[in-house]
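Subject: Structure for you to look through

Hello,

Here is the structure I promised to pass on. Please open it next to this email and follow along.

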Amino acid sequence: MVELPSDPLQCPLPDGAVPESVVVRTEEHWVAIMVMMLTVMMVIMVVTSLVGALHPASNVEVIDSRTLHLKGEFVESNLGTALEPDGSVTVRLIAQQYDFVPRCVVVPADRPVKFRLTSDDVVHGFLLPETNVNTMVVPGFVSEVRTRFARTGDYLMPCHEYCGLGHQAMWARVSVVSWDHFAGQSLLERTRCATQ
Ligand code: CUA
């Protein structure tokens, strides 16, 4: 018969049990991996915010989503692209199930462009791939994002926040054209590119 050691910690473990030293070593490895992942993510956040101007909105602006269509900045006649006196451009859009209004806007390349968005129903998302534009659109708030398009072309504008059964079909378009082309367009043409 085998004699058991008097110290219970020295007793052989039952089949399948893992010794404490192995558990501690494994835990330490996983903590180190987690810290490394967090560090990499923090570095990505800092670098993209400094290099690509990708950062959370710095303004908090509230609006009454029940009266959007009746008065104020987001009435229908005020939506779309507007040219400011300083030569910059402001684009006003409403996100709603399941569309952006207007569905397409024209903006000039190489000029400061400011997007102002709000929602009249649920939370939507607004993203322009390969730019710094990426924001949530929350009812009751105005989301503002500033950018400058380096090249002309069409940018698709998918809603990237699940907003209901038609979410996957919620797409719109930003058409970036040269300044000369933009200046030659009428106000109506700048919001009618969806039908061209
Ligand atoms: Cu709007 Cu998803």
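In which sense do β9 and strand β10 pair, and over how many bridges? They pair in the antiparallel sense, over 6 bridges. Strand β10 covers residues 171-177. Strands and helices here are DSSP runs, numbered from the N terminus: a strand is E with at least two residues, a helix is H or I with at least four. Two strands pair if DSSP finds at least two bridges between them.

A word on the source before we go on. This is a predicted model, so local features need pLDDT of at least 70 and side-chain atom pairs count only at pLDDT 80 or more, while totals for chains, interfaces and linings use all residues. Residues are numbered from 1 along each chain as its sequence is written, and side-chain values use heavy atoms, with hydrogens and water left out.

The sheet

β9 and β10 belong to an open sheet of 3 strands. The order is β4-β10-β9, and the pairing is mixed. β4 (104-108) and β9 (153-158) are the edge strands, each pairing on one side only. On average, neighbouring strands of this sheet are turned by 25° against each other, direction ignored. For that angle, axes are lines fitted to C-alpha atoms (for helices, over the stretch in contact), and angles run from 0 to 180 degrees between N-to-C directions. Look at Pro 158 too: its bridge partner in β10 is Trp 171.

The side chains of Arg 173 and Asp 154 meet at 2.3 Å, N to O. Arg 173 lies in strand β10 and Asp 154 in strand β9, so the pair ties together parts that are 19 residues apart in sequence. A salt bridge means a side-chain nitrogen of Lys or Arg within 4 Å of a carboxyl oxygen of Asp or Glu. Arg 173 is partly exposed at 22% relative accessibility. Asp 154 is partly exposed as well, at 45%. The cut-offs are: buried under 20% relative accessible area, exposed over 50%, partly exposed in between (1.4 Å probe, protein chains only).

Other salt bridges

How many salt bridges does the structure hold? It holds 10. One of them joins Glu 73 and Arg 92, at 2.5 Å from N to O. This pair links distant parts of the chain, 19 residues apart. Glu 73 sits in the loop between α1 and β1 (80-83), and Arg 92 in strand β2. Arg 92 is buried, because its relative accessible area is 13%. Glu 73 is partly exposed at 23%. Both also belong to a network of salt bridges, which links Glu 61, Glu 73, Arg 92, Arg 116, Glu 144 and Arg 146.

Another salt bridge joins Arg 66 and Asp 64. Their closest N and O atoms are 3.1 Å apart. Arg 66 is exposed at 71% relative accessibility, whereas Asp 64 is partly exposed at 35%.

Most residues other than glycine have a negative phi, and most peptide bonds are trans. Here are some exceptions to check.

- A cis peptide bond joins Gln 97 and Tyr 98, with omega about -5°. Tyr 98 is in the loop between β2 (89-96) and β3 (99-101).
- A cis peptide bond also joins Val 101 and Pro 102, with omega about -5°. Pro 102 is in the loop between β3 and β4.
- Asp 110 is not a glycine, yet its phi is positive, about 60°. It lies in the loop between β4 and β5 (112-119) and is exposed at 52%.
- Glu 130 has a positive phi near 65°. Its place is in the loop between β6 (124-127) and β7, and it is exposed at 73%.

Inside and outside

Is Thr 135 buried or exposed? It counts as buried, because its relative accessibility is 12%. Thr 135 lies in strand β7 (residues 134-137). Leaving out residues up to four places away in sequence, it touches Leu 117, Gly 125, Phe 126, Ser 143, Val 145 and His 160. Contact here means heavy atoms within 4.5 Å.

Now turn to Trp 30, in helix α1 (residues 20-51). Trp 30 is exposed, with a relative accessible area of 56%.

Best wishes
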